[in-house]
Amino acid sequence: MRPETIKKLCCPFDKADLTLTEITKDLDENVLEGFFVCNSCKRLYPIIKGIPIMSPDEYREFKPEQPVLKRWSKELKGQSFENFRLVSAERWYRD
């Protein structure tokens, strides 16, 4: 995924800005693996082989995304993934 393309994207649900976490890049600085998180709704959109997965929730399946997120657990910084959204670890302590 090219850096100039990344700057043009927003959350398809609420049009909010996205925060990018880069995992791997190629020699041309294109993002090969990583993920976006919406600053508003906290939806997580993985980038796999340079392609962002930004489908509506009803067309996404958790099971195929689970191995990738497990591999990226360090970058999730203790947060979990529920209903395609990042959930803070603090939430579990409050409930």
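In which sense do β2 and β3 pair, and over how many bridges? They pair in the antiparallel sense, over five bridges; two strands count as paired if DSSP finds at least two bridges between them. Keep in mind that this is a predicted model, where local features need pLDDT of at least 70 and side-chain atom pairs count only at pLDDT 80 or more, while totals for chains, interfaces and linings use all residues. Residues are numbered from 1 along each chain as its sequence is written, and side-chain values use heavy atoms, with hydrogens and water left out.

**Confidence and overall build**

- The average pLDDT (the predictor's confidence in each residue, from 0 to 100) is 85 for the protein, and 93% of the residues score at least 70.
- Watch residues 91-95: the pLDDT there is below 50, and beyond near neighbours in sequence the stretch has four contacts in the model. Contact means heavy atoms within 4.5 Å.
- The protein has three helices and six strands, laid out along the sequence as α-β-β-β-β-α-β-β-α. Helices (H or I, at least four residues) and strands (E, at least two) are DSSP runs, numbered from the N terminus.
- The radius of gyration is 13 Å, close to the 12 Å that the globule rule gives for 95 residues, so the protein is as compact as a globular protein of that length. That radius is taken over C-alpha atoms, and the rule is 2.2 Å times the number of residues to the power 0.38.
- Taken along the principal axes, the C-alpha atoms fill a box of roughly 45 × 25 × 20 Å.
- Of the contacts with a separation of 6 or more, 41% are between residues 24 or more positions apart.

**The four-stranded sheet**

- Four strands make an open sheet in the order β1-β2-β3-β4, with antiparallel pairing.
- β1 and β4 stand at the edges with a single partner strand each, so one side of each has no neighbour in the sheet.
- β1 (residues 18-25) runs antiparallel to β2 and is joined to it by seven bridges. Across this pair, Thr-19 stands opposite Val-37 and Thr-21 stands opposite Phe-35.
- Five residues separate β1 from β2 in their hairpin, and Glu-29 in the turn has a positive phi of about 70°.
- On the β3 side, Val-37 stands opposite Leu-44. The hairpin of β2 and β3 also has five residues between the strands, with Lys-42 at a positive phi near 65°.
- β3 and β4 are antiparallel too, joined by two bridges; Ile-47 has Pro-52 in β4 as its bridge partner.

**What's buried**

- Buried residues make up 34% of the 95 in the protein. Buried means under 20% relative accessible area, exposed over 50%, and partly exposed in between (1.4 Å probe, protein chains only).
- β2 is mostly covered, with seven of its eight residues buried.
- The largest nonpolar core has 12 residues, among them Met-1, Ile-6, Cys-11, Phe-36, Cys-38 and Met-54. Such a core is a set of buried Ala, Val, Leu, Ile, Met, Phe, Trp, Tyr and Cys residues joined through side-chain atoms within 4.5 Å.
- β2 (31-38) and β3 (44-48) each supply at least two residues of this core, and β2 gives the most, with three.
- A second, separate core of 10 residues includes Phe-35, Val-68, Leu-69 and Trp-72.
- In soluble globular proteins, nonpolar side chains tend to be buried together.

**Residues worth a look**

- Cys-38, leaving aside neighbours within four places in sequence, is in contact with Cys-11, Asp-14, Ala-16, Asp-17, Leu-18 and Arg-43.
- Ser-40 lies in the loop between β2 and β3. Ser-40 and Ala-16 are 24 residues apart in sequence but 6.1 Å apart in space, C-alpha to C-alpha.
- The Ser-40 side chain makes a polar contact with the Asp-14 side chain (3.4 Å). A polar contact is a pair of N or O atoms within 3.5 Å; within protein, one must be able to donate a hydrogen and the other to accept it, and residues adjacent in sequence count only if both atoms are side-chain atoms.
- Arg-60 is in the loop between β4 (51-52) and α2 (62-71), and counts as buried because its relative accessibility is 7%.
- The Arg-60 side chain makes a polar contact with the side chain of Glu-65 (2.8 Å). Leaving aside neighbours within four places in sequence, Arg-60 is in contact with residues including Leu-44, Tyr-45, Phe-81 and Phe-84.
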